[in-house]
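Please keep the sequence and the structure at hand while reading.

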Amino acid sequence: MNVYYYRLLLSSGRVRAGITQLSVERDSSARMWLEKNFDAVVLSLVRLPGWLAESQRSISQLVKPSIRPAELAGMLRDLGVMTSSGIPIMEALRAVANEVGQGSATNAAKLARRLLEELDAGASLSDGVARYPDAFPETVRNLVMIGDETGTMDKMLMEAADHVERISKMTADTRQALIYPGFVFSAIFAAGGFWIYYVIPNLSDLFKQMNADLPPLTIAVMAGSEWLIAHMGLMLGLMAVAAFVLWVTWRYSRPFRRMIHYGLHRVPIARTIMNSSGLAFFTEYMALLIRAGVDMVSSLQVMERAMRDEYYRDRIIAIRQVLERGDRISSAMRQVGGFPSMMVRMIAVGEETGTLDSQFGRLSSEYSTRLQRLITNLSEVIKPVVVLLAGGMFVFLIVALLLPVYDLVKQAIASPQF
């Protein structure tokens, strides 16, 4: 996928400029695509560098996502229902493209129109979907490709819709569990900022005017506040640079991602969450691929591209290499390690009885339920911890700042009046 900056001379005489991403290998192919789709003459065409193109896609997706998961699931389900009733995929896409919400075209309609342009240019649906990786996740792209190859597009679209809805639900549950601690931490930081910028400087001036004898803790807090105010711009700049460097390293360095994922798999609470989410995704996706008739080696190859957890991606690669030597998947999983014994035994039973897709489906449901229960329990545990942190901060401020003020008031009352 390449990103181009273009300037076009339209048939109306106007000049149009913009940025587009195209799944082409040569610039000449991009030039032909632009001239055909816009009925224009290409004045200039510049391929953006890989890192700049990737940054542009990431920022645009972060600022304004092309389509939300719920909208994508609804679009896929509509297409699946229409194609299952005998409507051609082109007509189904036109029906979705004509949808209007709140007086304007919906995100699904805009995406359907772009897909229609790809299909009108001679691409298949899987090729068109592959050209919009920011809108269609890896799992959806692979399922659509399987539908194109096996002639079961309606079934694969419905499977993709179900998959997107399940993943969206897990993500929504996780966000909902983090709303309360996120709100409390935001309130704590806001209160801390108010004390640093307004309360502490005023108290510091009061103490200096009265020549108060302050305890070491109060002196340290006031010195820290002064240092933060003096260097706040530098600190914010360094934090922004560090966040950008971490983001770039995470996105482009697989060894860095592997180090982080392996580290999380060793931390007690994070390990449980990573195991449950990784196994839920692995088993659900394998059930989908096996039901679609994809052989085991090809399914694992697809899983290598779809799996984001480097810990399990390395194990999937190792399992595929064992399978290519003629072994069974349950035996390969036992040799590679990292998978629960219950899971390995159920998969072995599925291989013996020919119900491997059902076993993966049961495992997917079980690990999804465990993940949801874990997140719910974790959110309940986090709440008292957050309350304790907020209370601890309040007590610290009282001891460091308010008690010296109380001592000054007592001294003023006890001093003789003239």
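Which residues does L115 touch, not counting residues up to four places away in sequence? L115 touches M75, L93, G128, V129, Y132 and F136, where contact means heavy atoms within 4.5 Å. The model is predicted, so local features need pLDDT of at least 70 and side-chain atom pairs count only at pLDDT 80 or more, while totals for chains, interfaces and linings use all residues. Residues are numbered from 1 along each chain as its sequence is written, and side-chain values use heavy atoms, with hydrogens and water left out.

**L115 and its helix**

- L115 is placed in helix α5; helices (H or I, at least four residues) are DSSP runs numbered from the N terminus.
- L115 is buried because its relative accessible area is 1%; buried means under 20% relative accessible area, exposed over 50%, and partly exposed in between, with a 1.4 Å probe and protein chains only.
- L115 and L217 are 102 residues apart in sequence, and their C-alpha atoms lie 64 Å apart in space.

**The nonpolar cores**

- A nonpolar core is a set of buried Ala, Val, Leu, Ile, Met, Phe, Trp, Tyr and Cys residues joined through side-chain atoms within 4.5 Å.
- The largest nonpolar core has 67 residues, and M75, F136 and F282 touch the most other members.
- Helix α12 (residues 268-291) supplies the largest share of this core, 10 residues.
- A second, separate core has 12 residues, among them I200, F207, M222 and A400.
- Leaving aside neighbours within four places in sequence, M75 is in contact with I67, L93, V96, A108, L111, A112, L115 and F136.

**Helices α4 and α5**

- Two packed helices are described by the angle between their axes and the distance between the axes.
- The axes of α4 (residues 89-97) and α5 (residues 107-120) come within 8 Å and cross at roughly 145 degrees; axes are lines fitted to C-alpha atoms, for helices over the stretch in contact, and angles run from 0 to 180 degrees between N-to-C directions.
- Residues that make this contact include I89, L93 and V96 of α4 and A108, A112 and L115 of α5.
- By class, the contact of α4 with α5 has 11 nonpolar, no polar and 3 charged residues; Ala, Val, Leu, Ile, Met, Phe, Trp, Tyr, Cys and Pro count as nonpolar, Asp, Glu, Lys and Arg as charged, and the others, Gly among them, as polar.

**Helix α14 and its surroundings**

- Helix α14 (residues 310-323) has 14 residues and reaches 20 Å from its first C-alpha to its last, close to the 20 Å expected at 1.5 Å a residue; the expected span is 1.5 Å times one less than the number of residues.
- Of the 14 residues of α14, 11 are buried, including Y311, R313, I316 and R320.
- The buried residues of α14 pack against α11 (254-264), α12, α13 and α15 (329-336).
- E304 is found in helix α13 (residues 296-306) and counts as buried because its relative accessibility is 16%.
- Not counting residues up to four places away in sequence, E304 touches R313, I316, I317 and R320.

**From α14 to α15**

- D327 lies in the loop between α14 and α15 and is partly exposed, because its relative accessible area is 30%.
- Leaving aside neighbours within four places in sequence, D327 is in contact with V322 and Q335.
- In α15, the buried residues are I329, S330, S331, A332 and M333.

Notes
Helices (H or I, at least four residues) and strands (E, at least two) are DSSP runs, numbered from the N terminus.
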